[in-house]
Amino acid sequence: MAQPLARDVVEEIAKQYGVCIRPVPLRRQDIVTGQVEVIDVPCGATLESKCPPCAKRNRQLRRAQCREGWHLDHEPVNIPDNADDYQRHLVELRADVQAWRDETEKAGGDTTDLDAAIVELDEEINAAGMRGNVLGRTSGKRSRSTKRRQDAPDLPKRQMTKTTLGRTFTGSDGKVYRPSMFVTLTLPSYGRVLEGAPLNPDAYDYGRAARDALHFSKLVDRFVQNLRRVAGYDVQYFATVEPQKRLAPHLHMAIRGTLPRTELRQIIAATYHQVWWPSTDEVRFEGEHLPVWEDGAGYLDPTTGEVLPTWEQALDALDQDDEAEPLHVLRFGDQMDVKGVLAGTPDADQLIGYLSKYLTKSLGDALGTDDPRRKAHAERLLDALRFEPCSPTCPNWLRYGVQPKGAKPGMAPGRCKGKAHKPDHLGYAGRRVLVSRKWSNKTLTEHKQDRRTWVLEALGVEDKPVDPHRYIWRPVKPGDPELAPIGVRLLRSVHERQRWRNHLDRLQAEADGQDLSATEGRAA
Ligand SMILES: [Zn+2]
Ligand SMILES: [Zn+2]
């Protein structure tokens, strides 16, 4: 009885000191000195986390990143991130998680969590390599028969200039104004909503809501493409995807530079995205009647023995079918909000705070509420997502008679482990923060490094670049005799933090004292 209570108390203390409460222990071997240490890495350093102190720190970093790029007055110099330390760290972690997973499987354990972690890490690795650019994720896409998929809406088109900066205006006083925009984009209505739940659940279009959420990030990509085409310059943005009360994702976007509001409205209204996936109109397999796996052949119809079309074959058939319709077409809703913002105004600051405010709130938070209407609403949406294919690799394709991409034994419709089907995500499994390549000169890792450098400078410690090859990191398994109990580790971190804070305070006091004496000196 005493143990969990004690842990709660320690966690509270850790939170007060901004110390990660779910640290990831790693064994670090220094190949120069041979020294081996167990080091607690904050959970927020690897994955987007819900640990409150890490979430808070990540939010602060995001704010700094947003502020840095919004009203940039010089072109960013883009340094390619080919050997990013962060990415390397993720790749190593990925290898570790794979090893744990394989060991767990060998021992007959449950690998569900580890499988999910692998998927998440893969996404994170891709995103890190792309500097978080949603438009960059086009590798491995089919290039065949894309004509009908690339329909460009009828919009004005300006001559492209190479700049990423917005226009400036000079006032009568000679002051230069640097206006930018803040845009909020929402999805269409699926039925009337009151207090975050439909007035008439039977009339609410859950199927459409589910598909819109699944493909939302693609629609955002299209919007950015159209925006750039119309604006005539390489428009940069910092955006966050957040849940609306009705549980649909929506987007807040800080855009560098400005466009006439009417044009922006035109772009939003004209933007759409077509999902060219095989049809899911006909349910071919369900309940006990499910495709069976045969080594060397793939999934077969259990009754006829017919091999189901592979993902590639299904797409080929779709390409050849002139009558085919896209599985889904997405558009934005009528509700949009466009604000003009000037650099350095309180307005800009407020919006930056707003952009990062809800980052830790998950889309599915409503499932945990006491409001029975909202809870039921979230459950119905979750139901609608259950058999909806979330990606080409989704096992749900078997329900519609198609082998998922990369089919392997053990797949069954309704049992996809993809994030999109999870209560926390409610269809939207994409990244919550979308930052264009040339927003600022820095990646989030570099912003983290900035803070580190600042602290080390304040401490009077030289921040020497560390050779990333100097250390070998290995996982520490739970129950490892060298691993202290979590309570002890948290208290250790709190102690470290306390020491560090005291030191900073002392330095600050010294600096204040010097300033004071300098002022006094001048006064005298
Ligand atoms: Zn943490
Ligand atoms: Zn899925």
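Before anything else, one definition: helices (H or I, at least four residues) and strands (E, at least two) are DSSP runs, numbered from the N terminus. By that definition, E195 lies in the loop between strands β6 (193–194) and β7.

Now the ground rules. This is a predicted model, in which local features need pLDDT of at least 70 and side-chain atom pairs count only at pLDDT 80 or more, while totals for chains, interfaces and linings use all residues. Residues are numbered from 1 along each chain as its sequence is written, chains are lettered from A and ligands numbered from 1 in the order in which they are written, and side-chain values use heavy atoms, with hydrogens and water left out.

The chain as a whole has 12 helices and 16 strands. Of its 524 residues, 43% are buried, where buried means under 20% relative accessible area, exposed over 50%, and partly exposed in between, with a 1.4 Å probe and protein chains only. Among contacts (heavy atoms within 4.5 Å) with a separation of 6 or more, 76% join residues 24 or more positions apart.

Next, helix α5. Because 7 of its 9 residues are buried, α5 is largely enclosed by the rest of the structure. The buried ones are Y206, A209, A210, R211, D212, A213 and L214. They pack against β7 (197–198), α6 (216–231), β9 (249–255), β13 and α10.

Take the last of those partners. The axes of α5 (residues 206–214) and α10 (residues 372–386) come within 9 Å and cross at roughly 75°. Axes here are lines fitted to C-alpha atoms, for helices over the stretch in contact, and angles run from 0 to 180 degrees between N-to-C directions. The two helices are therefore roughly perpendicular to each other; that label covers 65 to 115 degrees, with under 35 counted as roughly parallel, over 145 as roughly antiparallel and the rest as oblique. On the α5 side the contact is made by Y206, A209, A210 and L214, and on the α10 side by H377, R380, L381, A384 and L385. By type, the contact residues are 7 nonpolar, 1 polar and 1 charged. Ala, Val, Leu, Ile, Met, Phe, Trp, Tyr, Cys and Pro count as nonpolar, Asp, Glu, Lys and Arg as charged, and the others, Gly among them, as polar.

C394 and C416 both lie in the loop between α10 and β15 (433–435), so the pair ties together parts that are 22 residues apart in sequence. Both C394 and C416 are buried.

Last, two backbone points. Most residues other than glycine have a negative phi. E195 has a positive phi, near 50°, and counts as exposed at 52% relative accessibility. L247 also has a positive phi, near 80°. L247 sits in the loop between β8 (237–243) and β9. Is L247 buried or exposed? Buried, with a relative accessible area of 4%.
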